[in-house]
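Welcome, and please open the model in your viewer. We will go through it one selection at a time.

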Amino acid sequence: MGKLIFITGGVRSGKSGYAAELAKRMGKEVIFLATGSAEDEEMRERIRLHKKARPSHWKTIEEKKDLIFVLSNISSPQKVIIIDCLGFLVSNLLLDDQEEESIIGQVRKIANLILEGSHIAIVISNEVGWGVVPTSKLGRKFRDILGRANQIMAKYAQEVYLMVSGIPVKLKSEGESYGNSKEDARGDQAC
């Protein structure tokens, strides 16, 4: 059975750095699954700095949309997979004109693949519910879909961390359950 660790928090809160530290401590082969893409110079620089901060022996897979395919084709057991990040995935799928229920279905499938596999996956996402209401319809739709996606990941996860100013705050430990049962999370009835 796989293990899912979910890390959420604000922009520049230390999520990626903490995920990397967790992965290093586990002492297993690490695959970094990047969902962001370099659409402009500023983003290219961010990606460059992220890559520079990772150990050079980690394998990087860049995939903007089809995480289900990638996760289904990682065959070697006992790896740590860092997915950075769920927000970019949701954004990429939304900009690809996918409907909300399709995106949510893919997020649920990703969580199931992780738990049914033999890997440890650390999924990183942005906490978008604490900011101002976006002024555009697309911005509000992104915020709402990512909020639902984050809830699903948190319910499936054995461990959940909120990053605040570089400090991890553990919200959920293995064996703990909050609110709804796992069956509710899989049905997405409470999100």
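How are α5 and α6 oriented to each other: roughly parallel or roughly antiparallel? This is a predicted model, so begin by selecting helix α5, residues 100–116, together with helix α6, residues 137–156. Their axes come within 10 Å and cross at roughly 20 degrees. Angles under 35 degrees count as roughly parallel, and α5 and α6 are therefore roughly parallel to each other. Look along the pair and you will find that α5 passes α6 in a right-handed crossing.

Next, show the side chains at this contact. From α5, pick E100, E101, I103, I104, V107, R108, I110, A111, N112 and L115; from α6, pick I145, R148, A149, I152, M153 and Y156. Coloured by class, the contact of α5 with α6 has 11 nonpolar, one polar and four charged residues.

On the α4 side, select L86, G87, V90, S91, L94 and L95; on the α6 side, L138, K141, F142, I145, L146, A149, N150 and M153. By class, these residues divide into 10 nonpolar, three polar and one charged.

Finally, colour the chain by pLDDT. The average is 90, and 93% of the residues score at least 70. Now select residues 181–191, where pLDDT stays under 50. The model has 22 contacts beyond four places in sequence for this stretch. Where pLDDT is low, the predicted coordinates should not be read in detail.

Methods:
Residues are numbered from 1 along each chain as its sequence is written. This is a predicted model: local features need pLDDT of at least 70, side-chain atom pairs count only at pLDDT 80 or more; totals for chains, interfaces and linings use all residues. Side-chain values use heavy atoms; hydrogens and water are left out. Axes are lines fitted to C-alpha atoms, for helices over the stretch in contact, and angles run from 0 to 180 degrees between N-to-C directions. Helices (H or I, at least four residues) and strands (E, at least two) are DSSP runs, numbered from the N terminus. Angles under 35 degrees count as roughly parallel, over 145 as roughly antiparallel, 65 to 115 as roughly perpendicular and the rest as oblique. A crossing is left-handed if the near helix is turned anticlockwise from the far one by less than a right angle, and right-handed if clockwise. Contact means heavy atoms within 4.5 Å. Ala, Val, Leu, Ile, Met, Phe, Trp, Tyr, Cys and Pro count as nonpolar, Asp, Glu, Lys and Arg as charged, and the others, Gly among them, as polar. pLDDT is the predictor's confidence in each residue, from 0 to 100.
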